[in-house]
Amino acid sequence: MNLSPQPPVKTRDTGALSYALYLGMTAAVSPLLPGWLRRRASRGKEDSARLSERFGVTKRVRPAGQLVWIHGASVGEVLSALPLIEKLLLAKDRHVLVTSGTVTSARLLAERLPARALHQYVPLDTAAAAAKFLDHWKPDLALFVESELWPNLILAARARGIPLGLVNARFSERTHRGWSRFRGFARRVLSSFDIVLAQDEAVASRLSDLGVRSVEVTGSIKADAPLLPVNDADLNAFQRAVGHRPILLAASTHPGEDEILCETFMTLRETQKDLLLVIAPRHPERGEAIAALATERGLQAVRRSAGALPKSGTDLYIADTMGELGLFYRASTFAFLGGSLIPHGGQNPLEPAKLGVGVLAGPHTANFSAIYDALLAAQRRGRVSDATSLAAEASALLGNPTLAKNLGH
């Protein structure tokens, strides 16, 4: 596959003007960014010791030899790229630089990146930060994962002649509508990619419509990801604490879903007296808010981040830690996947499915539409819409362990 950079496509639209406006806007807000980052750091949303990286500055030395730069927004994107990173590192003289924008992704990558792979926070999308970043690292190839598109970074890399790829491309209908409002700008950015590897035909069609020059449908690399890891001692301790209590697991939930899950739990508890609700929020920092929500409803909640295990009187166990979903999936026969009862688009259902865990999901699964469609069609059940339908589906599975096991199979 030839990834040599191709000459930019000349267009007669408003792309140049739109980019000029974007460039001016990002330059205008630049003086405000240091204060904004410090405020985020005070709330735990930035790493205060590494704020300089957000401006393209680092003390790390560029390794000698070939350097491939891979960028993903957060945990899901960068973890899905791990098998790709391992394949790229089969070349002994090659290094991989991984960038992301969240503290949680940086912590996980510190544990899971292989040798000759390193992490840096992605610079803010200003012309100055992009230039400093690219001047320091001088990547030989840049790969963006899914739909994390930063115009200044992409166009600056393009201007330096760096081959560009968009891998595991995911472009929802909503995202397509947004970019379609600025077609000239979209074409200018997206035509910078020398190759785009899309998850499905729908994504490929949307990207082609916006000016992508070379797009191939390759499926999702998340299907190639290894099983989520687990600490066996921690799993055994959790299972001993739970005993024979049935579990309703809600994984990667978002604001607006926890209330529905508490309502579902209270309905199910009428027949499942010893039921344990486990909520693993997508963003662990929400643990305190979920505990307060449970208290308002008269539920006894404990948080894993506090080192607690569920007790006989625990109604809700809040799994507000990072990197432990593999534990909770292994302790459950089925799971509700968050981000699907609200218009977020759903979280990755392949992670539980590969562990033999049945999947329940709401109507909003556009982020993984083809995968959800295939899984739910194979299960012949699992689609829910609200607390009532979720309670009905969960009740059927809790009351019939064989059915739940077959669902996962």
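## Salt bridges

A salt bridge is a side-chain nitrogen of Lys or Arg within 4 Å of a carboxyl oxygen of Asp or Glu. The whole structure holds 18 of them. This is a predicted model: local features need pLDDT of at least 70, side-chain atom pairs count only at pLDDT 80 or more, and totals for chains, interfaces and linings use all residues. Residues are numbered from 1 along each chain as its sequence is written, and side-chain values use heavy atoms, without hydrogens or water.

Arg-158 and Asp-194 join through their side chains at 3.1 Å, N to O. Arg-158 sits in helix 7 (residues 151-159), Asp-194 in the loop between helix 9 (183-190) and strand 6, 36 residues apart. Helices (H or I, at least four residues) and strands (E, at least two) are DSSP runs, numbered from the N terminus. Both residues are buried; buried means under 20% relative accessible area, exposed over 50%, partly exposed in between (1.4 Å probe, protein chains only).

Arg-304 and Glu-324 form a salt bridge at 2.6 Å, N to O. Arg-304 lies in the loop between strand 10 (301-303) and strand 11 (316-318), and Glu-324 in the loop between strand 11 and helix 14 (325-330), so the pair ties together parts 20 residues apart in sequence. Arg-304 and Glu-324 are buried.

## A partly exposed pair

Asp-373 and Arg-383 also form a salt bridge, at 3.8 Å, N to O. Asp-373 is partly exposed, at 47% relative accessible area. Arg-383 is partly exposed too, at 38%.

## A network

Salt bridges link Arg-40, Glu-46 and Arg-54 in a network.
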